[in-house]
Amino acid sequence: MTGVGPAVVVEQLTKRFGERTAFADVSFEVGYGEVFGFLGPNGAGKTTTVRTLGTLIAPSSGSAVVAGMPLNAENGPAIRARISIMPESPGLYLRLTVVENLQCFAGLYELADARGRIERALRAVNLADRAQDLCGSLSKGLRQRVALARALLNDPAVLFLDEPTSGLDPVAAREVHELITSLRARGVTIFLTTHRLEEAERLCDRVAILNTTLRLVGKPDELRERLFTKKLDVRVRTPLDDPGQVFGALPGVQGWDQVSSGYLLAVSDPDLAAPAVARALVGADADILSIAESRHSLEDVYLELIDEDVEARRR
Amino acid sequence: MTFSWTRVGAILRKELLDYRRNRFVIITMAVLPVVFVVLPMIQLFSVPASGAGSASVVKLDTRIGLSLLYMLLIPAIVPSTLAAYSVVGEREQGTLEPVLITPIRREEFLVGKALAAFIPTLVIAYTVFGVFLGAAALFAQRDVASAVFEGSHVLVQLLFTPLLAGWSIWVGIAISARSRDVRAAQQLGTLASLPPLVVVALMALNVITPSSGIALAFAAVLLVIDGFGWRAVAAMFDRERLVTGGTARPLDR
């Protein structure tokens, strides 16, 4: 299910529970077909944001449009019909079989061709052969897949996945990642809440980092560029006699630091600076082991922002 | 979106399937009716045949009426445990949030839950009453059997069984919707059986003499409570509180 314009538009959304602020002044957009990562530490307000967008919780202020419908009390059932949320806990009826669970939800969504939809959903999560198994007999990873099948039943315009790999072993987590990748290939809009940074980096087109307030939104590469200067990681067999003379006059090199493995050079453009650095090192008779762009992970971005928040609170 | 019986049916079917596979529910549903039918059965076979006088006939009729009142505890008590579990139990299991995320309205959810407690209760209560009537017809003394079948006893059972069940269910669901844990809900839910117990006790102690007028008044009160019960419980059903554990303005329909 796709539409015109963004799938989710959030403007200055705030939720308070009495004196406690769950999240404040949050604004972002998610496009149709996009995999949008929503990152943040525990208690950052991620799940509350999802529940708010899913009409389970009323915002204290601000506005949102979800699947093309303004978020308000009147539109609650209609929005819920167009979206799906897979909560952190699968929440399956353990005494019912997989297919009985899905039949129940097909009824709740009033789906035509429920049987066909259930079969397609089970195929999508590779569970067609377990349809008659009691959910109570399934492993945690398989239960998560049943929950994902349930979330796909109504062909949602936006699929919210709240910590889908929480508590799963690496193999089960990888299976869920593969499922998300296949959904992405099918054009499903996915709003992925996670605190697993490698998961977000691997799966998401864009990410937002929330820590009660929204700290950053963008593509992982953009966030890295915004927060960190570009660096070249230079490794040599033995330390240079006078690194200042070698690196100081090079165009595009803004500064350098000696590290245990060699040198980290701050550069404006790694592609332009690297050949010049190589020539300078050869000219200085240095034994070059490697010259590579130093890449910051999304984890570095995340930790930088969260550390800033911790520092700000201390002050 | 209007009220959907399809969504009510989805909840109902799920609940009935779940009951069938839950040994605790089956045992509770089987044992309680047996307990409450024992006394009427003893009464049925221990009541001496009435004499020729009209006073004796009235006395027999009263004794039969009182013993049948015990059987009305079945619809009062059997559904209270199910109803008290209905919301808070799902919440504790983590199955409530996935349901509330669907387009279901709270009224549909509550009616589905109520029917899931109401239908088995009605089946059990009427079955037990049928067995009692069969035993009376086949094995009781003739004038005792006549006292069971004549007068308003059968009508009272047929009328009050659904009314008491409805009352017990709505009180139980209301408690469940506001409780934080299952045990507390079920303990409070058993309180739902107290008012009918009081009525039975008062009649047994001859504080209240059973009469058509009292029965009609009681039925009218129960009918009103049952009729408005689901609306009152729907108003107490706070989607946000159930999901977060707090209280706030719900975005709910």
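Is A:R95 buried, partly exposed or exposed? A:R95 has a relative accessible area of 26% and is therefore partly exposed; buried means under 20%, exposed over 50% and partly exposed in between, with a 1.4 Å probe and protein chains only.

## Basis of the model

This is a predicted model, in which local features need pLDDT of at least 70 and side-chain atom pairs count only at pLDDT 80 or more, while totals for chains, interfaces and linings use all residues. Residues are numbered from 1 along each chain as its sequence is written, chains are lettered from A and ligands numbered from 1 in the order in which they are written, and side-chain values use heavy atoms, with hydrogens and water left out.

## Domains of chain A

The domain assignment divides chain A into domain 1 (8–224) and domain 2 (229–294); such bounds come from an automatic or database assignment. The C-alpha centres of these two domains of chain A are 45 Å apart.

## The interface between chains A and B

Chain A contributes 35 residues to the contact and chain B contributes 33, contact meaning heavy atoms within 4.5 Å. About 3200 Å² is buried between chain A and chain B, 62% of it on carbon and sulfur atoms. Within the share that chain A buries against chain B, A:L56, A:R95 and A:L108 supply 24%, more than any other three residues. Buried area here is the accessible area (1.4 Å probe) that two parts lose on being put together, summed over both.

Between chain A and chain B there are 5 salt bridges, each defined as a side-chain nitrogen of Lys or Arg within 4 Å of a carboxyl oxygen of Asp or Glu. B:D18 pairs with A:R95 in a salt bridge whose closest N and O atoms are 3.2 Å apart. This pair crosses between chains, from helix 1 of chain B to the loop between strand 6 (83–86) and helix 3 of chain A; helices (H or I, at least four residues) and strands (E, at least two) are DSSP runs, numbered from the N terminus. B:D18 counts as buried because its relative accessibility is 13%. A salt bridge also joins B:R7 to A:E110, with 2.9 Å between the closest N and O atoms.

## Helix 3 of chain A

Helix 3 (residues 98–108) of chain A has 10 of its 11 residues buried, so it is largely enclosed by the rest of the structure. Among the buried residues of this helix are A:L102, A:F105 and A:L108. The buried residues of helix 3 pack against helix 4 (114–124) and helix 5 of chain A, together with helix 1 (5–20) and helix 6 (96–100) of chain B. Just after helix 3 of chain A, A:E110 takes a positive phi of about 55°.

## Other local features

Over all chains, the structure holds 21 salt bridges. One of them links A:R174 and A:E178, with the closest N and O atoms 4.0 Å apart; both residues lie in helix 6 (residues 170–185) of chain A, 4 residues apart, about one turn of the helix. A:R174 counts as partly exposed at 46% relative accessibility, and A:E178 counts as partly exposed at 45%.

Positive phi values are also found at A:D25, near 55°, and at A:D155, about 50°. A:D25 lies in strand 2 (residues 20–30) of chain A, whereas A:D155 is in the loop between helix 5 (140–152) and strand 7 (158–162) of chain A.
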